[in-house]
Amino acid sequence: MKNSKKSCLTCKSLQTIKWGIKKNKQRFKCKNCDELFISSNKSVSDSNKEIWFKNWIIGKDTFDKISLESGYSKSTLQRYFSKMLRKAPVLEFNSTYEIYLVLD
Ligand SMILES: [Zn+2]
């Protein structure tokens, strides 16, 4: 039997379990960070997520726009970003954003 363990897209953990099928794609749930992801999707790298996160924080992109670009649902993005907000030092984002605001 083939080992179908998938590493989590968010934290790279292998502590993942199958979590039902959605739109004919196997979903997985990460036991480490609780992230749900789909294995057969075009793999979206963490760096992409970071770019969307920065676009959201700095560029004030809406969830609608990022959802369209990323293919993630808005609720997925919101969950992911709230995780990143808890982890990331957002102060530097905020100060950068203020500067752009003043220059504009
Ligand atoms: Zn994870």
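Reader: Let's start with Glu69. Is Glu69 buried, exposed or partly exposed?

Author: This is a predicted model, so keep that in mind throughout. To judge burial, count the other C-beta atoms within 10 Å: 20 or more means buried, 12 or fewer means exposed. Glu69 has 13, so Glu69 is partly exposed. You'll find Glu69 in helix H2, residues 63-70.

Reader: Okay, and how many of the residues in the protein count as buried?

Author: Of 104 residues, 12% do. The largest nonpolar core has 6 residues: Cys8, Leu9, Phe28, Cys30, Phe37 and Ile38. Take Cys30 as a case: leaving out residues up to four places away in sequence, its contacts include Cys8, Thr10 and Glu35.

Reader: You mentioned strands. What pattern does the protein follow along the sequence?

Author: Reading along, you get β-β-β-α-α-α-α, which comes to 4 helices and 3 strands.

Reader: And how do S1 and S2 run relative to each other, parallel or antiparallel?

Author: In a regular strand, side chains alternate between the two faces of the sheet. Here, S1 (residues 16-22) and S2 run antiparallel, joined by 5 bridges. One of the pairings is Lys22 with Lys25 in S2. The two strands form a hairpin with 2 residues between them, and Lys23 in the turn has a positive phi of about 50°.

Reader: Is Lys12 buried or exposed? And Lys60, buried or exposed?

Author: Use the count again: Lys12 has 11 other C-beta atoms within 10 Å, so Lys12 is exposed. Lys60 also has 11, so Lys60 is exposed.

Reader: Last one: where is confidence lowest and where is it highest?

Author: Where pLDDT is low, the predicted coordinates should not be read in detail. In this protein the lowest confidence is in helix H4 (residues 91-103), with a mean of 51, and the highest is in H2, at 90. The protein averages 78, and 72% of the residues score at least 70.

Conventions. Residues numbered from 1 in each chain as written. Predicted model: local features only at pLDDT ≥ 70, side-chain atom pairs only at ≥ 80, totals over all residues. Core = buried A, V, L, I, M, F, W, Y, C linked by C-beta atoms within 7 Å. Contact = placed C-beta atoms within 7 Å. pLDDT = per-residue confidence, 0-100. Pairing = 2+ DSSP bridges.
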